[in-house]
Amino acid sequence: MKLATAAQMKELDRRAMEEEGIPSLELMERAAEGVARGALSLLPEKKGKYRAAVFCGSGNNGGDGIAAARLLFLAGLQVRVFLVGSYEKLTPDAMEETGRLSECGVELERFDPGDLGQTAYARGCHVLVDAIFGVGLSREISTDSLFGAAVRLINECPGKVVSADIASGVAADSGKVLGCGVRADKTITFTTKKIGQVVGEGADLSGRVEVWDIGIPAGLAGSMPCPVQTVEPAFARWALPKRKAGGHKGDFGKVLVVGGAVGYTGAPYLAASAAVRSGCGLVFLGVPESIWPAEAVKCVSAMPFPLPEKNGQLSYKALGPVQEKLAGCGVLALGPGLGRGQQAARLALELLEGTEKPVVLDADGINALEGHIDVLDRRRGRVTILTPHDGEFARVGGDLSSGRLEAARGFAAAHSCVLVLKGHRTLVAGPEGNVLVNTTGNSGLAKGGSGDVLTGVIAALLAQGASPIQAAGLGVWLHGRAGDLAAARLTPYAMTPRDVVQALGEAFSELM
């Protein structure tokens with residue numbers, strides 16, 4: 001699904017009004033209908049008189065809230081509407097909606113945080129509507145301001161909260177919270193989701209996000225270029241490599257996994273197992289000779305082989321044997337459990353710089369780039385997919401101060417790679433500036449070994465012919481979906497990375 005910026009939504013509204021002749025008040029009425037329906041859907045299933053409090057700003061987002069308040073009143077709810085701002089700054093459409101509300105016998109009240117009657121009413125409401133700020137908010141909300149007091153009251157009330165278009169305080173383009181933000185149970189967003197509703201803190205504050213059609217022609221919205229999109233099942237089905245009915249194992253790719261160290265035998269095994277489970281025809285696993293017996297016992301479908309080591313980690317002497325094996329493979333997955341020894345790091349850098357083959361770089365393979373980012377830069381024109389968590393990303397120069405999305409996009413463009421920035425709502429950034437935001441996964445994936453599984457999945461998809469961005473985007477979706485299936489059976493507490501590998505088959509089956 002496309003994710004829009006605030007500027008894009010403003011432009012869509014302008015074109016709908018100026019080019020299509022749709023009155024702005026008509027767009028507001030349609031938006032209000034969505035917000036009102038969203039509020040009604042949050043009411044408890046019991047009989048009796050329901051109470052609603054609507055908090056409105058002076059802009060058109062506030063107008064949406066005022067119109068929604070009228071619809072809630074007409075639906076039989078007791079409604080009070082609090083203006084968080086000044087009457088003098090109400091937009092013309094918001095003024096019109098205020099008049100229509102007044103005709104129903106409901107007046108717009110100035111919000112006063114010191115008014116104990118207002119506070120008591122809000123605390124006794126079944127549902128609260130947040131229509132204070134829309135997607136155009138760009139300034140910080142002071143917690144000591146009138147707006148901050150309104151946000152605080154909404155968050156303290158026991159009733160359910162629905163936000164109009166975006167939770168007030170969330171930056172539409174980044175998901176940052178500008179000072180303070182409303183915590184919504186549901187957000188009714190208009191036309192399409194906004195970037196800030198699926199990344200950063202905004203993803204947490206938005207609750208369940210539902211898209212409501214306010215009447216902007218589909219052609220206008222469809223023509224809007226959106227470099228940031230979510231990974232949905234439709235994308236996953238499209239990206240899934242097709243399998244020839246009469247194919248043999250050589251037709252489905254060959255992956256070489258290189259990693260492992262004494263004390264880290266699980267990581268390479270998980271990566272290789274995930275590659276096998278993800279459709280790869282042949283998977284080889286190069287590990288230090290001292291742990292090779294353990295890997296050989298565990299691996300049934302993947303084929304482990306021993307490599308020279310020093311102090312329990314791969315030695316630089318492993319370079320030749322690895323290069324020889326890699327010559328017959330299509331993709332190198334480098335780093336799971338590798339360790340941070342000097343020789344292992346040197347081996348990783350030499351392999352990365354020397355091979356023309358696509359590389360999926362993970363864990364200590366990424367850490368080896370610390371202070372050597374030039375090695376990555378010299379791979380321009382070759383396929384490199386990095387899968388760091390935030391800590392690894394920072395070690396190789398990633399700057400998260402601007403937010404995860406912009407940081408991922410900037411790094412991928414600067415170093416001509418595909419970056420998979422792991423975490424809640426994993427991001428896949430391509431060198432052209434496109435970003436995919438994953439929508440699957442849960443806290444049960446926050447365990448050692450989960451990233452190794454992801455590495456194996458991506459490498460297998462890449463070996464089967466998926467493009468780098470397709471392999472990464474589909475890989476994170478499948479990994480997260482398998483995690484969701486494992487959590488449904490075992491809970492996020494009890495599930496393990498091995499359970500995720502075993503659930504991959506069911507995740508794939510959903511795409512068939």
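Helices α10 and α18 pack with their axes 7 Å apart and at an angle of about 35°. The crossing of α10 past α18 is right-handed. These values come from a predicted model.

**Contact of α10 with α18**

- Two packed helices are described by the angle between their axes and the distance between the axes.
- On the α10 side, the contact is made by Ala267, Leu270, Ala271, Ala274 and Ala275.
- Asp452, Val453, Gly456, Val457 and Ala460 make the contact on the α18 side.
- By class, 8 residues of the contact are nonpolar, 1 is polar and 1 is charged.

**Largest pocket**

- The largest pocket holds about 880 Å³ of space.
- Its lining comprises 34 residues, and Gly59, Asn60, Asn61, Gly134 and Val135 lie nearest the centre.
- The helices α1 (6-18), α2 (24-41) and α3 (60-74) are the elements that give two or more residues to this lining.
- With 6 residues, α1 provides the largest share of the lining of the largest pocket.
- The lining of the largest pocket divides into 14 nonpolar, 11 polar and 9 charged residues.

**Second largest pocket**

- About 700 Å³ of space lies in the second largest pocket.
- This pocket is lined by 34 residues, of which Lys422, Leu445, Ser450, Gly451 and His479 are the closest to its centre.
- The largest share of the lining of the second largest pocket, 4 residues, belongs to α18.
- By class, the residues lining the second largest pocket are 7 nonpolar, 19 polar and 8 charged.

**Cavity**

- Rolling a probe the size of a water molecule over the atoms shows where empty space is left.
- The count comes to 1 cavity of 30 Å³ or more.
- The largest cavity contains about 40 Å³ of space.
- Asp173, Ser174, Ser402, Gly403, Arg404, Leu405 and Glu406 line the largest cavity.
- The lining of the largest cavity consists of 1 nonpolar, 3 polar and 3 charged residues.
- Leu405 is the nonpolar residue of this lining, because Leu counts as nonpolar.

Definitions and conventions
Residues numbered from 1 in each chain as written. Predicted model: local features only at pLDDT ≥ 70, side-chain atom pairs only at ≥ 80, totals over all residues. Heavy atoms only, no water. 1 Å grid on protein atoms, 1.4 Å probe; cavity = no way out; pocket = protein on both sides within 12 Å on 5 of 7 lines; lining within 4 Å. Points joined across faces, edges and corners; volume = space filled by probe spheres on them. Axes fitted to C-alpha atoms, helices over the stretch in contact; angles between N-to-C directions. Left-handed = near helix turned anticlockwise from the far one by under 90°. Contact = heavy atoms within 4.5 Å.
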